[in-house]
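Good morning. Please look at the model on the screen while I go through some of its residues.

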Amino acid sequence: MNYRELNMSPLARLEASVTPAIGHAILATARPLQAFLAAPSAVFITALTVMLFRPPDLQFYSLDRVALFVLIFVVLLRTFVVQQSPWIPGPVTLPMFGLVLLALSSVLTESYEAQNWSLFAAKWVVPFGLYHLAGLVFQDANSVRRFEIFSIVVLAYLSLTAIFFLIDARSLIFPRYILDESLGIHADRARGPFLQAVANGVTLNLLGLIALDSFRRRRLRGLLALLFAAALPVAILATKTRAVWASFAGSLLVVPFVSSSSKVKSACLWILVASGICITTFLVFGDTNTSLSDRLQERGPVEFRMGMYAAGWEMFLDKPLLGWSANSIQPELARRISDFHPPYFLFHNTYLEIAVKHGLLGLALYVWVFVDLFRLGGRRRRFMPSPDGSFLDAEFRRLWPVLVVVYLVNASFVVMSCQFVNALLFTIAGMLASQNRRANSNQTYLE
């Protein structure tokens, strides 16, 4: 002990000894936070990964909500630290906020159930939040590139999982809860971690279009490109869902007409050929040909859906302006539908559900949202939102309406309540909105 320490009071000596320890503790705590602030795109992608492996009807610890709150905290703190101007993008924001309020008022009138709040978050809160957060996070080439790599990796995982299911290599499927028949629906199909075949198929279709654009820019090439072209049709076929098959085939037929890239057109042709070979192989030689044929001829689900559509349309006509209260929908459907008695009635159509629950007001807001989404890919002024050859460049914007249409087509056959599907579409939308805003402010025109 030196002379200065001998003349210090006991309280001062205690403070001097404790302060360095507290300082080290603060530094140890701050280092992970500093890493988060330095790479917000990694936190964003981590949150998407948690959402990928946490389907709405699997209840455990709400890890996806924790991930979302951490992401919001990190992005807002980083915005404050770097003095980044927070911005509220004009397109999508107002109608989506209106839908969030309508859905919140509906869920508040129902008896408290965790599943109701989970669906509310998956359908409205998460896409609304990620749309705005994506605009603040993905503002440089490296962060956008990370998102593209993440998309390709998820596509590869989902494709392999679907193929393993189709060939009955179930020991290779991860995570194991995918095989649990007591969870979710469509246990006889390749449903992936979403536990629903349509959600799996829509995600494969959207990510396949992103991979197609990566192939155009030579980010995906060689053996990986060949594996992608061969595996994607098989994975789509394994979902055994007619709406997914139709939207996938339609997107491959439409893309050559909207894209100016000869590489994209050739890739679409080869994927269509591979799809034809897959269908022929499994129908003629495969052990699963019976199940695939049955899916093409199955009439039971169609008759049930037609009954639901008719009952839902009648309910909408009875209360067209503001819709039905949340507590009255299930009893009213049970009264109108006598041929089927499921434990819970589902509309199997996003637009019909919104019309019945929220009336013309909700339907008008939903249409407004997607009109804005379509406009995000357009170029009102002759500016270049992103350099050619990078993700989300002008050529990708030609594909963007196809991604939106794929989502809308499948929404006609199912209620789009899959959190990851909504998060994926609105994350890309937020990135496009952010690029548009920066391009407008910089006034960077094409020569």
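This is a predicted model: local features need pLDDT of at least 70, side-chain atom pairs count only at pLDDT 80 or more; totals for chains, interfaces and linings use all residues.

Is Cys268 buried or exposed? Its relative accessible area is 1%, and the cut-off for buried is under 20%, so Cys268 counts as buried. Cys278 is also buried, at 11%. As for disulfides, the structure has 0.

Next, the nonpolar residues. In soluble globular proteins, nonpolar side chains tend to be buried together. Here the largest nonpolar core has 112 residues. Which of its residues touch the most other members? They are Leu130, Leu373, Trp400 and Ile428. There is also a second, separate core, which has 14 residues, including Phe345 and Leu352.

Take Leu130 as an example. Leaving out residues up to four places away in sequence, Leu130 touches Phe44, Leu48, Met51, Leu68, Leu71, Ala423, Phe426 and Thr427. One of those, Leu71, can also be located relative to Ala42: the two are 29 residues apart in sequence, and their C-alpha atoms are 9.7 Å apart in space. Ala42 belongs to helix α3, residues 40–52. Its relative accessibility is 33%, so Ala42 is classed as partly exposed.

Leu223, Leu224, Leu226 and Leu227 make a nonpolar surface patch of about 450 Å². Leu227 sits in helix α9, which covers residues 222–238. At 48% relative accessibility, Leu227 is partly exposed.

Now the charged residues. How many salt bridges does a search of the whole structure find? The search finds 15. One of them joins Lys123 and Glu353, with N and O 3.1 Å apart. Lys123 is in helix α6, residues 114–137, and Glu353 is in helix α15, residues 350–376, so this pair ties together parts that lie 230 residues apart in sequence. Both Lys123 and Glu353 are buried.

Another salt bridge is formed by Arg217 and Asp213, whose closest N and O atoms are 3.1 Å apart. Arg217 is buried at 9% relative accessible area, and Asp213 is buried at 0%. Both residues belong to a network of salt bridges that also links Arg145, Glu148, Arg216 and Asp393.

Last, Arg170 and Asp168 meet in a salt bridge, at 3.0 Å from N to O. Arg170 has a relative accessible area of 32% and is partly exposed, whereas Asp168, at 54%, is exposed.

That is the end of my part.

Key
Residues are numbered from 1 along each chain as its sequence is written. Side-chain values use heavy atoms; hydrogens and water are left out. Helices (H or I, at least four residues) and strands (E, at least two) are DSSP runs, numbered from the N terminus. Buried means under 20% relative accessible area, exposed over 50%, partly exposed in between (1.4 Å probe, protein chains only). A disulfide is a pair of cysteine sulfur atoms within 2.5 Å. A nonpolar core is a set of buried Ala, Val, Leu, Ile, Met, Phe, Trp, Tyr and Cys residues joined through side-chain atoms within 4.5 Å. Contact means heavy atoms within 4.5 Å. Patches are made of residues with over 30% relative accessible area and no salt bridge: like charges are joined within 9 Å, nonpolar side chains (Val, Leu, Ile, Met, Phe, Trp, Tyr) within 5 Å. Accessible areas come from the Shrake-Rupley method with a 1.4 Å probe; for residues, only the protein chains shown count as cover. A salt bridge is a side-chain nitrogen of Lys or Arg within 4 Å of a carboxyl oxygen of Asp or Glu.
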